[in-house]
Amino acid sequence: MNTSRAWTVMRNDLRLGPRSPLFLYALLLPVALTFVIVGVFGSLFAPAPRLGIVDEGNSSVVAAARSLDGIEVTVVDSVESLERLVEANDLDAGMVLPVQFDEAVRDGLRPPLQFFIGGESLASNRIVLSVSALDLVRGVKGDAAPVTVDVMTIGDAEAVPMATRMVPLLIMYAVAIAGAFVPAASMVEEKEKGIINSVLVTPASVTEYLAGKAGLGIVLAMATGVITLLLNNSLGAHGVTLILALLIAATMMAEIGLIIGTVAKDSNTLFAIMKSAGILLFYPVVFYIWPSLPQWIAKISPTYWFLQPIFEIGVKGAGPGDVWLEMLIAVAWIIAILPAVGVMARRLEQRVAMAA
Amino acid sequence: MSGPNPSIVATIVRKDLKAFARDRFYFWISVAGLVVYVVVFWVLPDTVNESITVGATGAGIETMLEKAAGEGSEGLNLVAFDSRENLETAVANGKGDVALGLAFPDDFFESVMAGRPVIVSIVATAAVPPELRTAMTSFVREAAFAISGDPLPVSLQEQILGVDRVGDQVSLREKMRPLLAFLVLLLEMMSLAGIIASEIQSRTVVAVITTPARIFDFLTAKIVFGTLLAFSQVVLLLVAIRSLSGEPLLVLTTMLLGSLMVTAFALIAGSFGRDFITVLFWSMLFMIPMMIPAFGLLFPGSASVWIKAIPTYGLVEILTGTTSYGDGWAEAVPNLALLGGWTVIAYVAGLGILRKKVRSL
């Protein structure tokens, strides 16, 4: 293979590429998705227990409730509104603090406390909200608890916020669109317009042509991958290992892009393959969003093996020692896919020869 | 102006269907896509774990735990451990789904009743959310108040509003049902838009309307073909994910309207698209906002007003209502009307734009 010819193919694509809306699409997608998914859906994915309060007097419970960590408190202006919100599952529970509630509690009059529970609220949220509410009322009475509670943190498990668990999805989009879809679409477009035949009557071989397209995918996927990690503040402390993991991701995606681009004879077929194969490449991201799902299912997909190192290094601050095995398996996948690319290259060569 | 000529429309549809079936690869890859969606659906969990498993240790603590369970601590699954070491190990390793541990001293009951100072440790990993730590702190305090004979400072009046779904929550699998059905519809919208764009670019449409076929026949044929393609695939999916058992006629009517609506949007995307990439761009422009109602189902709470204004809201609501909540025609009528209204609007826009485009060729 003559690398300078492959370089020419890639350089040509990089030079002419920005004229295509697909390049713009691939580069802007990480930015747009980061905004949409983290900005809009991020908070929706992490539903804290939601408590509504109607304060008919001027109870100190409201301020105390607002200071509760991890509970979303909403002050509602009427009992009717509270009932409506709880019933519609816009709140998990709600309580009504009547006029002079604090005084009645302090005087030991045991005033009524209406506590509405949403039928659709989770049992765990119900218990969290009801015991927390009772504790707030105990606070008003001012009685010292007959017990001291000491909270101890053990182990090294970390709390990963939902917005962070979405990072693999964003990375996957960035590398799949730029690394696989752009070269595949470029090849299909050149087939449809007959450009591929013109290219292959020059001294450039099919291997050099494919290497050029793979280079295009790798460069673009690396760029969009870094942009995505930067936007999500997920570059971690081990930049070199992270870049290496991204390179592995970009290479695997470029290989897949070459296979798809060779198989698809037109745009419709390309799209049909992307929509079916896409789910097989993308499904591991679901297991980061919901970590309680059985993780072995994610490991079946080759993309898991590059997503995991990127997530561990970029988000959890892991080092090369923690992720070498996953990276090695990802490289093994790349090597395993390579013969398929070779077969496709030969098939493309035959097709072009027949067309000529 | 007279209506479309049925025999001409049928001929064009037949031609499109033949072209679709002849392309074996495209045909089988569409089947494979459907199979993948069905597999994804059945792999997703069909139950919701809504209880918190809490480990506890301390002499005689089992009695207190039994009492707590007997008082209807729904959502709290208490597990006794024989030593603090075992409890800490279980919490650290997440063994038996133990979210956190309560380490009571062996003289807990005696100390509380005697009013002596007593310390209870809550053992948790950093992954335990703050509200759970707060709640368990309150739980321990309340247990101590109860043991010491201090009653609640209020007269608690609990009331459950709406259908109590504890133990019968809508699972992730159920919530994904409309999203998957919807993805099939939207992806078919992109396919049809691609076909229309290519017929415009290759001027096949011009060739067709130089025959006895008129633009109206051509447009009607595209609508029939697109609707048929989207509807047949979505029905296959719904059968495979068992979504036609409750109100089959209502679900099929909704899906037919949905198929008609996405076909109308395909007319718009196909008119603007010059090639695959521009079709993709225009289709995504419609797809992303239209997917929001289906995504919204994954989260608790009612939809905001702006989400209700999205054309696909009615479709998603009906599908969720019938498959997850047992709704019937009576509950679905307002959403059917909404869906129908949006479909009409989409057709007025789609047909207008495509007709203008064809006439400009």
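Visitor: In which sense do strand β3 and strand β4 of chain A pair, and over how many bridges?

Guide: In this predicted model, strand β3 (residues 93-97) and strand β4 (residues 112-118) of chain A pair in the antiparallel sense, over 4 bridges. To place the pairing on the structure, one may look for A:Val96, which stands opposite A:Gln114 in β4(A).

Visitor: Which helices pack on the sheet, and what does each touch?

Guide: Helix α4 (residues 79-87) of chain A touches β1 (50-55), β3 and β4 of chain A, together with β5 of chain B. The direction of α4(A) makes about 165° with that of β3(A). Helix α6 (residues 123-141) of chain A also packs on the sheet, where it touches β1, β3 and β4 of chain A. Its direction makes about 160° with that of β4(A).

Visitor: What is the order of strands in the open sheet?

Guide: The order is β2(A)-β1(A)-β3(A)-β4(A)-β5(B); the sheet has 5 strands and mixed pairing. At the edges stand β2 (72-75) of chain A and β5 of chain B, each with a single partner strand, so one side of each is left without a neighbour in the sheet. From one strand to the next, the twist averages 20°.

Visitor: Where else does a strand of chain A pair with one of chain B?

Guide: Strand β5 (residues 148-153) of chain A pairs with β4(B) in the parallel sense, over 6 bridges. There, A:Thr148 stands opposite B:Ile119 in β4(B).

Visitor: Is helix α14 of chain A largely enclosed or exposed, and why?

Guide: Helix α14 (residues 304-314) of chain A is largely enclosed by the rest of the structure, because 11 of its 11 residues are buried. Among them are A:Trp305, A:Phe306, A:Gln308 and A:Glu312.

Visitor: What describes chain A as a whole?

Guide: Chain A has 15 helices and 5 strands, and buried residues make up 49% of its 356 residues. Of the contacts in chain A between residues at least 6 apart in sequence, 78% join residues at least 24 apart.

Terms used. Residues numbered from 1 in each chain as written. Chains lettered and ligands numbered in written order. Predicted model: local features only at pLDDT ≥ 70, side-chain atom pairs only at ≥ 80, totals over all residues. Pairing = 2+ DSSP bridges. Helix = DSSP H or I, 4+ residues; strand = E, 2+ residues; numbered from the N terminus. Axes fitted to C-alpha atoms, helices over the stretch in contact; angles between N-to-C directions. Contact = placed C-beta atoms within 7 Å. Buried ≥ 20, exposed ≤ 12 C-beta atoms within 10 Å, placed from the backbone.
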